[in-house]
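Subject: Handover of a structure

Dear colleague,

Please find below the sequence and structure that I am handing over to you. My notes on what was found follow directly after.

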Amino acid sequence: MLLERIDALKEQINALQAANEEQLEALRIKYLSKKGEVTALFNEFRNVPAEQKKEFGQKLNELKNLATDKLNALREGFKAQAKEANKIDITRPAMPEKLGTRHPISLVRKEIIDIFARLGFTLADGPEVEDDWHVFSALNFAADHPARDMQDTFFINADDKDVKRNIILRSHTSSVQVRTMEKKQPPIRIICPGRVYRNEAITARAHCFFHQIEGLYIDKNVTFADLKQVLLNFAQELFGPDTKIRLRPSYFPFTEPSAEMDVSCMLCGGEGCGFCKHTGWVEILGCGMIDPNVLEASGIDSTVYSGYAFGLGIERITNLKYMVKDLRMFSENDVRFLDEFEAAH
């Protein structure tokens, strides 16, 4: 009978838990005080037959040690908690650190890339410091084209008479398309996002650097109808399924025929408002079929392959989506401005 009571107390003691110091003291009194349950078993030890005293003595001592160790472990746990609670981390900032937000340019850039990725386009990248060949000559720019002038392009070492003016900051990401065509034969289907530079006065509507995404598709039997369908899908994915597009004839040295694309105004639905200058349309990109001279300059047979290209400014699209009136806000790092896009993540 005494052995059963010892075993039952062992199970109870092993399962002991205490939420605070008061509960722990109550457990100590219950088991180890002068009137506690463990002490009561020691008092009954005198009634154990002499031949069994050794066995019962060992089990009673084990029970008492178990109870003592268990209560001490609980007590040490409370001490560790109290020490941790009182510990001061002098490396922590005085104020909670606020999480940052993604830049609106990054948000729109990712959205555009995702749309074209679903259409089968892959990413291509290239250097921002370029040469004349990849930025102008390979793209069918005439030697006297205004874009080569110092008023438009940033030239490296332009004042050094011993250095030819052929190292520049790229003025468009079309240079990535040239590098891709030089390295790879069709079919080619890429988009080229990146920062570009132009020697312009910084105003609310213009900046000396901005971001572009240009697209290129080259294969056999590519037509202008293919280009139009891709751009329509892109516009409806970006601005909504009811968006309409309009292609107007234009001129670019590297495409023929060339066009500029307008989308129906997302504010008035094409009815006409101040934002679209009461035309119902907003211009967003330039595009066209790749000029055969551009294909040949990069080693692609223009009698076998054809293709199209398009380019758009990310700042322009961001303006349309978020109604940002001043381009300078994109590069001033004003936290108040960036906080407005926290919900757009």
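**The sheet and its surroundings**

Seven strands form an open sheet in the order β1-β4-β5-β9-β8-β7-β6, and their pairing is mixed. Its edges are β1 (122–123) and β6 (245–252), each of which pairs on one side only. Helix α8 (residues 224–239) packs on this sheet and touches β6, β7 (255–264), β8 (281–290) and β9 (306–313). The direction of α8 makes about 150° with that of β8. Please bear in mind that the model is a predicted one.

**Pairing within the sheet**

Strands β4 (residues 188–197) and β5 (residues 209–219) run antiparallel and are joined by 10 bridges. Within this pair, Ile191 is placed opposite Gly215 of β5.

On to the next pair: β5 is also joined to β9, in the antiparallel sense, over 8 bridges. Here Tyr217 has Tyr308 of β9 opposite to it. Strand β9 pairs with β8 as well, again in the antiparallel sense, over 5 bridges. In that pairing Gly288 faces Ala309 of β9, the two standing opposite each other.

How much of β9 is covered? The strand is mostly covered, with 6 of its 8 residues buried.

**Helix α10**

Helix α10 spans residues 314–322, and its buried residues are Ile314, Glu315, Ile317, Thr318, Asn319 and Leu320. These buried residues pack against α5 (104–118), β5, α8, β8 and β9. Met323 follows α10 and has a positive phi, near 55°.

**The cavity**

A further point concerns empty space inside the model. Rolling a probe the size of a water molecule over the atoms shows where such space is left. The count comes to 1 cavity of 30 Å³ or more, and the largest cavity holds about 50 Å³ of space.

Which residues line the largest cavity? They are Leu139, Ser174, Gln177, Met181, Leu216, Phe254, Thr255, Ile290, Val294 and Ala309. Helix α7 (residues 174–183) gives the largest share of the lining, 3 residues. By type, the lining divides into 7 nonpolar residues and 3 polar ones, with no charged residue.

With kind regards

Methods:
Residues numbered from 1 in each chain as written. Predicted model: local features only at pLDDT ≥ 70, side-chain atom pairs only at ≥ 80, totals over all residues. Heavy atoms only, no water. Pairing = 2+ DSSP bridges. Helix = DSSP H or I, 4+ residues; strand = E, 2+ residues; numbered from the N terminus. Contact = heavy atoms within 4.5 Å. Axes fitted to C-alpha atoms, helices over the stretch in contact; angles between N-to-C directions. 1 Å grid on protein atoms, 1.4 Å probe; cavity = no way out; pocket = protein on both sides within 12 Å on 5 of 7 lines; lining within 4 Å. Points joined across faces, edges and corners; volume = space filled by probe spheres on them. Nonpolar A, V, L, I, M, F, W, Y, C, P; charged D, E, K, R; others polar. Buried < 20%, exposed > 50% of the residue type's maximum accessible area, 1.4 Å probe, protein only.
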